[in-house]
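Please read this briefing alongside the sequence and the coordinates, which are shown next. The notes that follow are grouped by topic.

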Amino acid sequence: MREPQSITVNDDERMIPTWSIVAASLAFVVVEYYFWFIAPTQRHHPASALGFRIYFNLTWGFLVSLYFLMLGYVSKDAPRRAMSTRFWMMICFVMPAGIGAVLYFLLRQPEVSRCPACGAFVLSDFHFCPQCNYQLTASCGNCFRTVRATDQFCTRCGHDLATDQTPARLRVLDH
Ligand SMILES: [Zn+2]
Ligand SMILES: [Zn+2]
């Protein structure tokens, strides 16, 4: 399991790791095998209609696969948010019916990355690095809301961005 120190800016690695895709595929096969070959021999009542069985079996297979893909996603997503990967994978693993995953999405923190200038951890909504004052995103010189690098005027207050000491579009160095 990867730990938070491997955070990089612009980490564009796949969000679903290979191990969880393999686990999900295996789980799907196991579930299908169980429902098609094991379960019918243990029932004493007549088998239900084939259409219903296909629907039922595939649904369970996909749900179990989704569970493993979810674990894989959390293992990749938690470090980007400086959250405890082990703790949240445990929660997702032990909570029934995907409640752990729902909790994770409700409680997850904003993404963190590193300041390109000094390497300090910064949240995605920061305009400036709290350690070195490096400008992380373009912002209006009047209302300090985020603007796009190509904007001439602030979309919130109409401020002429060209009159800023350093125009926002020239200050963007990252993002
Ligand atoms: Zn910095
Ligand atoms: Zn503004």
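Predicted model: local features only at pLDDT ≥ 70, side-chain atom pairs only at ≥ 80, totals over all residues.

**Packing against helix 1**

- Helix 1, residues 18-42, and helix 2, residues 50-80, have axes that come within 8 Å and cross at roughly 160°.
- Because angles over 145 degrees count as roughly antiparallel, helix 1 and helix 2 are roughly antiparallel to each other, and helix 1 passes helix 2 in a right-handed crossing.
- On the side of helix 1, the contact is made by W19, S20, A23, A24, A27, F28, V31, E32, F35 and W36, while helix 2 contributes N57, W60, G61, V64, S65, F68, L69, L71 and G72.
- The residues of this contact between helix 1 and helix 2 divide by class into 13 nonpolar, 5 polar and 1 charged.

**Packing against helix 3**

- Helix 2 and helix 3 pack with their axes 9 Å apart and at an angle of about 155°, and they are therefore roughly antiparallel to each other.
- Helix 2 passes helix 3 in a right-handed crossing, with M70, L71, V74, S75, A78 and P79 of helix 2 meeting T85, W88, M89, C92 and F93 of helix 3.
- By class, the contact of helix 2 with helix 3 has 9 nonpolar and 2 polar residues, and no charged residues.

**Buried residues and the end of helix 2**

- The buried residues of helix 2 are G61, S65, F68, M70, L71, G72, V74, S75, A78, P79 and R80.
- What covers these buried residues of helix 2 includes helix 1, helix 3 (85-94), helix 4 (99-107) and strand 1 (112-114).
- Just after helix 2, the residue A82 takes a positive phi of about 55°.

**K76, a partly exposed position**

- K76 has its place in helix 2, and with 17 C-beta neighbours inside 10 Å it counts as partly exposed, because a residue is buried only if 20 or more other C-beta atoms lie within that distance and exposed if 12 or fewer do.
- Not counting residues up to four places away in sequence, K76 touches M15 and P17.
- K76 and I16 are 60 residues apart in sequence, yet their C-alpha atoms are 7.1 Å apart in space.

How values were computed. Residues numbered from 1 in each chain as written. Chains lettered and ligands numbered in written order. Axes fitted to C-alpha atoms, helices over the stretch in contact; angles between N-to-C directions. Helix = DSSP H or I, 4+ residues; strand = E, 2+ residues; numbered from the N terminus. Parallel < 35°, antiparallel > 145°, perpendicular 65-115°, else oblique. Left-handed = near helix turned anticlockwise from the far one by under 90°. Contact = placed C-beta atoms within 7 Å. Nonpolar A, V, L, I, M, F, W, Y, C, P; charged D, E, K, R; others polar.
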